[in-house]
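Please look through the sequence and the model shown here before reading on. The briefing that follows describes the structure topic by topic.

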Amino acid sequence: MPLADHLRELRRRFLLAALGIVVGAVAGWFLYPWFFAAINAPMEAIADRGQGAAINFGTVGGAFDMRIRLSLFIGLFVSSPWWVWQLFAFVSPGLTRKERRSTVGFGVAGAVLFVAGGALGWLVLPNAVTVLTAFTPDDAVNLIDARTYLSFFTRVMLVFGVAFLVPVVMVALNSAGVVSGRSLLKGWRWLVLCAFLFAAVANPLPDAWSMIAMAVPICALFFGAIGIAMWNDRRRARRRPS
């Protein structure tokens, strides 16, 4: 295709992806009450135990602004299969059949692991809010800005989701011949160290047990990726002519 046709195709795929996100955001608008009730549950639990804590909308349009942001955030997640497919549909004409199968496999695995990482972050967040607000003095009230609170929730979920994508990148690099499974295995100590450093930085709770609970699944994914890479290396070695 000429360059102009490529650009027109890119524009068409971009518009279709944006339309999917808009549709997802509309769905997020209607899902907002459930989502807000879920993220507000820790605040209600704190208030029930007698400590003043609440989400604060500091401006007249603060509640509307939070609904828009939450709707867009939900829309991005709900429509992710659609806009990822648009990206794949744009690059797939330049790929071989084998490369297309590999791309679809990595895309599905990445989507599943990203959602799993976000779900783990979602499970950790309520306890994190409860523990961190417990340091509020008895004669003080913890009024958390709504935008700050939402950013805290979404940032932690995104960080966990991205962390769970690292094993997919490891397997992809191995499939491309950039790094061997044996090389990854030799660096397992650094991988474990990076997993625990990440858990220490990303973990919003101050105790060591929650950090370990976060790092262990990441380490398990790392070693799973190493196992797949070594199996892939052996399979390629068997196919080489002797």
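**One side of a helix**

The buried residues of α6 are Pro 167, Val 168, Met 170, Val 171 and Asn 174, where buried means under 20% relative accessible area, exposed over 50% and partly exposed in between, with a 1.4 Å probe and protein chains only. Because these residues cover an arc of only 160° around the axis, they lie on the same side of α6; the arc is that of the directions from the helix axis to the C-beta atoms. This is a predicted model, in which local features need pLDDT of at least 70 and side-chain atom pairs count only at pLDDT 80 or more, while totals for chains, interfaces and linings use all residues. Residues are numbered from 1 along each chain as its sequence is written, and side-chain values use heavy atoms, with hydrogens and water left out.

**Overall layout**

- The protein chain holds 9 helices and 2 strands, these being DSSP runs numbered from the N terminus (helices H or I with at least four residues, strands E with at least two).
- Along the sequence, the elements of the protein chain follow the pattern α-β-α-α-α-β-α-α-α-α-α, and the C-alpha trace spans about 75 × 50 × 25 Å along its principal axes.
- Of the 242 residues of the protein chain, 33% count as buried.
- Just after α6, Gly 177 takes a positive phi of about 80°.

**The nonpolar core**

- The largest nonpolar core has 43 residues, and those with the most contacts inside it are Ile 39, Met 43, Met 66, Leu 70, Tyr 149 and Met 170; such a core is a set of buried Ala, Val, Leu, Ile, Met, Phe, Trp, Tyr and Cys residues joined through side-chain atoms within 4.5 Å.
- At least two residues of this core come from each of α1 (3–48), β1 (53–56), α2 (62–78), α4 (97–133), α5 (146–163), α6 (166–175), α8 (188–202) and α9 (208–239).
- Not counting residues up to four places away in sequence, Met 66 touches Tyr 32, Phe 36, Ile 39, Phe 57, Ala 146 and Leu 150, a contact being heavy atoms within 4.5 Å.

**A buried serine**

- Ser 71 is found in helix α2 and is buried, with a relative accessible area of 3%.
- Leaving aside neighbours within four places in sequence, Ser 71 is in contact with Gly 24, Ala 25, Gly 28 and Trp 29.

**The two strands**

- β1 and β2 pair in the parallel sense over 4 bridges, where pairing requires that DSSP finds at least two bridges between two strands.
- The bridge partner of Asn 56 in β2 is Asp 145.

**Aromatic rings**

- There are 8 aromatic pairs, counted when rings of Phe, Tyr and Trp (its six-membered ring) have centres within 6.5 Å, with planes under 30 degrees apart called stacked, over 60 edge-to-face and the rest tilted.
- The rings of Trp 188 and Phe 223 have centres 6.3 Å apart and planes at 45°, so this pair is tilted.
- Because Trp 188 lies in helix α8 and Phe 223 in helix α9, the pair ties together parts that are 35 residues apart in sequence.
- Trp 188 is partly exposed, with a relative accessible area of 33%, and Phe 223 is partly exposed, with 37%.
- Tyr 32, Phe 36 and Phe 57 form one aromatic cluster.
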